[in-house]
Amino acid sequence: MKQPFRRSVDEHHEVVRALLSELPGRLGSQEVPLADARGRILAANLLAPRNLPAFDNSQMDGFAVRRADLLDGSAVEVGAVIAAGDAAGTLPPKTAAPIMTGAMLPSGADAVVPIERADPPEFPAALSQPETPARPLTVRLPTDTPAGQFIRAAGSDIASGATALPAGTRLGPAQLGLAAALGLDRLTVTCRPRVLILSTGDEVRPPGSELAPGQIHDANTTLLLALFAEAGADVAAAGISTDAPEVFVADLAPRLGPTRDPAFELVVTSGGISKGAFEVVRLALADHGIDFGSVAMQPGGPQGGGPPGTTGGGTDCLAGLPGEPRQRGRQLRAAGPARLGGTLRHTTAGPSTGPPGHRSSGTSRRETPGQTRRRRSG
């Protein structure tokens, strides 16, 4: 049996991170519909299958022009209207084509003049009438119009073949919107890690059951199921085991052996790891590759973890958490379960990555009265 460890919170966090660090390479990948990809992890670099935008288009309601046609200051003829969704042709010389925001730029045009800078500053009323005007309509436009003004060039957001999103990106609304804009309806994502939750204790009963004197309801299974599901895992509950080591091992082994379908990458136990006389997890697993000890935090100090030799290779690691009920949410956030769930999230994905030009910002959080306290290790 190994000597019990004693670690700071940060030291233990790094040990857990190292324990889970090999998970991403073992999870495999799967293709899912875009609508089901929210919160999933991109398995490989997402390469743009086409330019975004797909064609040169107008950023403003105005007139598509050749800049050279405006240099002498004379009026130019008003051409055919180009609305969003129209297939634009070629812009005739000495012509200004009324164009709407997002509409395709006609071939030959190299600038867009917003309607507010036209003289007169409005589209001719005849454009909305079905009959053809008796005489050509004209408009005067600024001579200092720069080339490229108010044009969104094809591929200016993302060029075809460029990396739109890197592997490891957590897919949120912005990332899914980008994939949809690129015309994708399916994405290849990392398979979710599979986590098994097992609570322990002769005194623990499922919620909804009647309690005898000295018994308590099992809050930890529900808490851990929700926490690991929130972290992106597929979670299952193994129920409640007794305080008898032989029963605990019998409950655990069939669920974790190499023939288990599916196998679990992580097993999380609740309770039975302190220094009492009936600490079933510590008594059953201390000789099988699991380290037990104390983390400098209160409550939640007793912790355990390691690759379990009792499972015959059916799972990658086991984490043992203390079993005392948690009463305050802010204590839960700082205690072992939340840190383990957060570690699982960050070892299976990088931070969310937005579309090009997107910048994420971080915030810091100061400790408030009543939070779980860290103790100096020593």
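Two strands pair if DSSP finds at least two bridges between them. Strands are DSSP runs (E, at least two residues), numbered from the N terminus. This is a predicted model, in which local features need pLDDT of at least 70, side-chain atom pairs count only at pLDDT 80 or more, and totals for chains, interfaces and linings use all residues. Residues are numbered from 1 along each chain as its sequence is written, and side-chain values use heavy atoms, with hydrogens and water left out.

**View B. Strands 6 and 7 run parallel.** Glu 77 faces Thr 95 of strand 7.

**View C. Ser 199 is buried in strand 13.** The strand spans residues 194-200. Ser 199 counts as buried because its relative accessibility is 2% (buried: under 20% relative accessible area, 1.4 Å probe, protein chains only).

**View D. The Ser 199 side chain makes polar contacts with Asp 218 and Thr 221.** The side chain of Asp 218 lies at 3.4 Å, that of Thr 221 at 2.7 Å. A polar contact is a pair of N or O atoms within 3.5 Å; within protein, one must be able to donate a hydrogen and the other to accept it, and sequence-adjacent residues count only if both atoms are side-chain atoms. Ser 199 also touches residues including Gly 239, Ile 240 and Ser 270 (contact: heavy atoms within 4.5 Å).

Note on methods:
Helices (H or I, at least four residues) and strands (E, at least two) are DSSP runs, numbered from the N terminus. Buried means under 20% relative accessible area, exposed over 50%, partly exposed in between (1.4 Å probe, protein chains only). Lists of a residue's contacts leave out its neighbours within four places in sequence.
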